[in-house]
Amino acid sequence: METLDEYYRSYNSNLHRGIHALSAKATNAYEGARRKVASFVNAADSREIVFTRNATEAINLVAYSWGLSNIKQRDEIVLTVAEHHSTIIPWQFVSQKTGATLKYVGLTKEEVPDIEQLKALLSNKTKIVVIRHVSNVLGSMLPIEDIVTWSKRVGAKVLVDACESVPHMPVDVQKLGADFLVASSHKMCGPTGVGFMHSSFEMLSSMEPFLGGGEMIADVFKDKSTYAEPPSRFEAGTPAIGEAIGLGAAIDYLSCIGMEQIHEYEKELGTYLYESLLSVPNVRIYGPAPSQTDHRAPLCSFNIENVHPTDIAEILDLQHGVAIRSGHHCAQILHRTLGINASARASLHFYNTKEEVDVFIHGLKATVDFLTSEH
């Protein structure tokens, strides 16, 4: 907040186009934030980081700039039933425009995407695998390195939605090896309205612009234009300057704490949440138990028998001051696969404590008693 305030009060100016001091300072801070993002995910070059409005726009960028140019009729796009709507809908657009086929990977009995099924679906028809690193409903983490290896064998690209992993654990894009990776600032203790995409400079250089306008051009003529080098060619118009600089400040904060420390603390806290939730009568928690996986994200999606999740969320908020989410969590396909319409979800980050989990569990039990008792 102090960084945003300083930008808007002290050097609010547009980027790259002015030689005066304020523009130079804004440009340096904005490009400095890009370098911070690159370092945070271990990109080989800061030019491999494209700023977008959010992860959703980043996925759309890949779908339109790469997908529509490279995917043809009878090609296949592989996803899982656990994907967020933002990961699915852009590829439905591509499928509808190109005639490509969408293939969905189901769940195992442990309620994680079936990696063996994914492996079996891959063929020379597969053009891209679109997959979440960590599920926002199931809490499960997928072996991205293995998926990338299998996909490369058939010549397929891999897009990773890392919104639920980049803020919670060390993520090394060079180690993962995916062709595209996206994440969002607001999940990283940063401002809303900015996110980023990582891809290799070579890949970005081969792609057409997503949007046309100022800043993304080299030269403009009456009948044609030439485009700037990446990442500028994908950042048309005035970007979210203050928000990107704010994201840089948030990355400084996370890096000071240490992502490995955050990850280890959240594993402990997430297990405590899961085990505490099991003490609630008639609870059904979705996704793998901590004992079934090396990593479970610090969240639990759940339902209580004969109690609607929206009622739970509303009473918890009004009577106990506890904020959880209810609904389909932008994952309707996953909820249908689980045989439910909605669920409640309690989500934690490194700033939460076991004491707060206890307050949640106490409030949840009282809420269920209130909703199930006869009046």
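How many residues of domain 1 are in contact with how many residues of domain 2? In this predicted model, 30 residues of domain 1 are in contact (heavy atoms within 4.5 Å) with 32 residues of domain 2. Residues are numbered from 1 along each chain as its sequence is written, and side-chain values use heavy atoms, with hydrogens and water left out. Because the model is predicted, local features need pLDDT of at least 70 and side-chain atom pairs count only at pLDDT 80 or more, while totals for chains, interfaces and linings use all residues.

**Domains and their interface**

- The domain assignment, which is automatic or taken from a database, gives domain 1 (1-257) and domain 2 (259-372).
- The C-alpha centres of domain 1 and domain 2 lie 29 Å apart.
- The two domains bury about 2600 Å² between them, 65% of it on carbon and sulfur atoms; buried area is the accessible area (1.4 Å probe) that two parts lose on being put together, summed over both.
- On the domain 1 side, His85, Val137 and His168 lose the most area to domain 2, together 25% of what that side buries.

**Helix α13 and its partners**

- Helices are DSSP runs (H or I, at least four residues) numbered from the N terminus, and their axes are lines fitted to C-alpha atoms over the stretch in contact, with angles from 0 to 180 degrees between N-to-C directions.
- The axes of α10 (residues 259-277) and α13 (residues 354-372) come within 10 Å and cross at roughly 20 degrees.
- Helices α10 and α13 are therefore roughly parallel to each other, a term for angles under 35 degrees.
- The contact is made by Glu268, Leu269, Tyr272, Leu273, Ser276 and Leu277 of α10 and Lys354, Val357, Asp358, Phe360, Ile361 and Leu364 of α13.
- The residues of this contact divide into 8 nonpolar, 1 polar and 3 charged; Ala, Val, Leu, Ile, Met, Phe, Trp, Tyr, Cys and Pro count as nonpolar, Asp, Glu, Lys and Arg as charged, and the others, Gly among them, as polar.
- The axes of α11 (residues 309-320) and α13 come within 9 Å and cross at roughly 115 degrees.
- Residues in the contact of α11 with α13 include Ile312, Ile315 and Leu316 of α11 and Phe360, Leu364 and Phe370 of α13.
- By class, the contact of α11 with α13 has 8 nonpolar, 4 polar and 1 charged residues.

**Helices α1 and α9**

- Helix α1 (residues 2-10) packs against α9 (residues 241-257) at an angle of about 145 degrees, with their axes 8 Å apart.
- Thr3, Leu4, Tyr7 and Tyr8 in α1 meet residues of α9 including Ile241, Ile245 and Ala249.

How values were computed: Helix = DSSP H or I, 4+ residues; strand = E, 2+ residues; numbered from the N terminus. Parallel < 35°, antiparallel > 145°, perpendicular 65-115°, else oblique.
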